[in-house]
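Visitor: I'd like a quick tour of this one. Can we just go through it bit by bit?

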Amino acid sequence: WVLFLVGWPTLHLATVGGVILAYIQRDDVRGSIWESHYEALINTFWTGLVVGVVGVVACITVVGVIVGIPLLIGLVIWFLYRSIRGLIHAIENRAY
């Protein structure tokens, strides 16, 4: 979760590193509370990527700016919420 949060200033290079680690370590945490964290990390990454691409493409068109900018703002809020929630649950040793 920390890599996801520090990914913002690095153009999400740290986020990509975090999702790669999640894929690598996912089998090692099967059946534990950490499995939900790894699944949430992977889902957050891919959902964020798809919605981000759609938002950026929408911003290219004049009409799309009306949809694209709110979509991207919502994405940032959603991404931060999920990352902070995941970090808090991890610190408290709780499943996501």
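Visitor: Where does Ser32 lie?
Guide: This is a predicted model. In it, Ser32 lies in the loop between α2 and α3.

Visitor: How far apart are the C-alpha atoms of Ser32 and Gly48?
Guide: They are separated by 25 Å. Along the chain, the two residues are 16 apart.

Visitor: Let's back up. How many helices and strands does the protein have?
Guide: There are 4 helices and 0 strands. The pattern along the sequence is α-α-α-α.

Visitor: And what does the C-alpha trace span?
Guide: About 50 × 25 × 25 Å along the principal axes.

Visitor: What share of the residues is buried?
Guide: Buried residues account for 31% of the 96 in the protein.

Visitor: Which residues touch the most other members in the largest nonpolar core?
Guide: Trp1, Phe4, Val19, Ala22 and Leu41 do. That core has 13 residues. The elements giving it two or more residues are α2, α3 and α4.

Visitor: Which of them gives the most?
Guide: α3 does, with 5 residues. As a general point, nonpolar side chains tend to be buried together in soluble globular proteins.

Visitor: On to aromatics. How many aromatic pairs are there?
Guide: The count comes to 4. One of them joins Trp1 and Phe4. That pair is edge-to-face, with 65 degrees between the planes. The ring centres are 5.9 Å apart.

Visitor: Why does Phe4 count as buried?
Guide: Because its relative accessibility is 1%, and the cut-off for buried is under 20%. Trp1 is buried too, at 12%.

Visitor: What kind of pair do Trp1 and Tyr96 form?
Guide: A stacked one. The planes are 20 degrees apart, and the distance is 5.5 Å centre to centre. This pair links distant parts of the chain. Trp1 is in the segment before α1, Tyr96 is in the segment after α4, and they are 95 residues apart.

Visitor: Is Tyr96 buried or exposed?
Guide: Tyr96 is buried, with a relative accessible area of 16%.

Visitor: What lies over the face of Tyr96?
Guide: Arg85 does, at 4.5 Å from the ring centre.

Visitor: Which residues form the aromatic cluster?
Guide: Trp1, Phe4, Phe79 and Tyr96 form one cluster.

Visitor: How about Leu21 and Ile73, how far apart are they in space?
Guide: 27 Å, C-alpha to C-alpha. Their separation in sequence is 52 residues. Leu21 is found in helix α2, and at 38% relative accessibility Leu21 counts as partly exposed.

Visitor: How do the lining residues divide into nonpolar, polar and charged?
Guide: 9 are nonpolar and 4 are polar. None is charged.

Visitor: Last one, backbone. What is phi of Asn93 near?
Guide: Near 55 degrees, a positive value in a residue other than glycine. In general, most residues other than glycine have a negative phi.

Visitor: Where does Asn93 lie, and is it buried or exposed?
Guide: Asn93 lies in the segment after α4. Asn93 is exposed, because its relative accessible area is 53% and exposed means over 50%.

How values were computed: Residues numbered from 1 in each chain as written. Predicted model: local features only at pLDDT ≥ 70, side-chain atom pairs only at ≥ 80, totals over all residues. Heavy atoms only, no water. Nonpolar A, V, L, I, M, F, W, Y, C, P; charged D, E, K, R; others polar. Phe/Tyr/Trp six-rings, centres within 6.5 Å; stacked < 30°, edge-to-face > 60°. Buried < 20%, exposed > 50% of the residue type's maximum accessible area, 1.4 Å probe, protein only. Lys NZ or Arg CZ within 6 Å of the ring centre and 35° of its normal. Core = buried A, V, L, I, M, F, W, Y, C linked by side-chain atoms within 4.5 Å.
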